[in-house]
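Me: I'm new to this one. Could you walk me through how to read a few of its features?

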Amino acid sequence: MSVPCTHLDTIRDVVPSSAGCEDCIKLGDTWVHLRMCEACGYVGCCDSSKNKHATKHYHATKHPIITSREPGEKWLYCYIDNVAWE
Ligand SMILES: [Zn+2]
Ligand SMILES: [Zn+2]
Ligand SMILES: [Zn+2]
C-alpha cells in the first residue's frame, strides 16, 4: 500500500492516554470527536470541537500523525502533509 506521507517513522506502538480528551476533562469541557496522537498516545478533541486539542497538541509537540478514536473509523491523518488515508 502506498501512503502519501513520509512521517510514518514517527508512529509508535502507543496506548491511549485517556478515555476522553484529557485536556477537556481537566477543563470540565466537552468535545465532539476524539483523535489520538500516533507518536505518544495523547488523546485530544477534533477540529469540530471548540478546544481543538488534537491540533494544539501537534503545534506544541510537532507529532504529525493522528488517528481517529471513533468506533469504526480507522484512518490516519498527517498534519505536515495535510493528507488522510486508511
Ligand atoms: Zn506526513
Ligand atoms: Zn479537548
Ligand atoms: Zn503526541
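Me: Is Ser49 buried or exposed?

Reply: Buried means under 20% relative accessible area, exposed over 50%, and partly exposed in between (1.4 Å probe, protein chains only). Ser49 has 1% relative accessibility, so it counts as buried. This is a predicted model, where local features need pLDDT of at least 70, side-chain atom pairs count only at pLDDT 80 or more, and totals for chains, interfaces and linings use all residues. Residues are numbered from 1 along each chain as its sequence is written, chains are lettered from A and ligands numbered from 1 in the order written, and side-chain values use heavy atoms, leaving out hydrogens and water.

Me: Which residues is Ser49 in contact with, leaving aside neighbours within four places in sequence?

Reply: Contact means heavy atoms within 4.5 Å. Here Ser49 touches Trp31, Val32 and His33. A polar atom of the Ser49 side chain also sits 2.8 Å from the backbone nitrogen of Val32.

Me: What are the protein donors of the zinc ion (ligand 1)?

Reply: Donors are N, O and S atoms within 2.8 Å of the metal (3.2 Å for Na, K and Ca); water is not among the atoms, so sites may look incomplete. For this zinc ion they are Cys5 (SG), His7 (ND1), Cys78 (SG) and Asp81 (OD), at 1.9 to 2.3 Å.

Me: Why is the arrangement around the zinc ion (ligand 1) tetrahedral?

Reply: Four donors count as tetrahedral if all angles lie between 85 and 135 degrees. The 4 donor atoms here subtend angles of 103 to 116°, so the zinc ion's arrangement is tetrahedral.

Me: How are the donor residues of the zinc ion (ligand 1) spaced in sequence?

Reply: The pattern is C-x1-H-x70-C-x2-D. His7 and Asp81 are 74 residues apart, linking distant parts of the chain. His7 is buried at 15% relative accessible area, while Asp81 is partly exposed at 32%.

How values were computed. Four donors count as tetrahedral if all angles lie between 85 and 135 degrees; four count as square planar and six as octahedral if opposite donors are over 155 degrees apart and all others between 65 and 115; anything else is irregular. Helices (H or I, at least four residues) and strands (E, at least two) are DSSP runs, numbered from the N terminus. A polar contact is a pair of N or O atoms within 3.5 Å; within protein, one must be able to donate a hydrogen and the other to accept it, and residues adjacent in sequence count only if both atoms are side-chain atoms.
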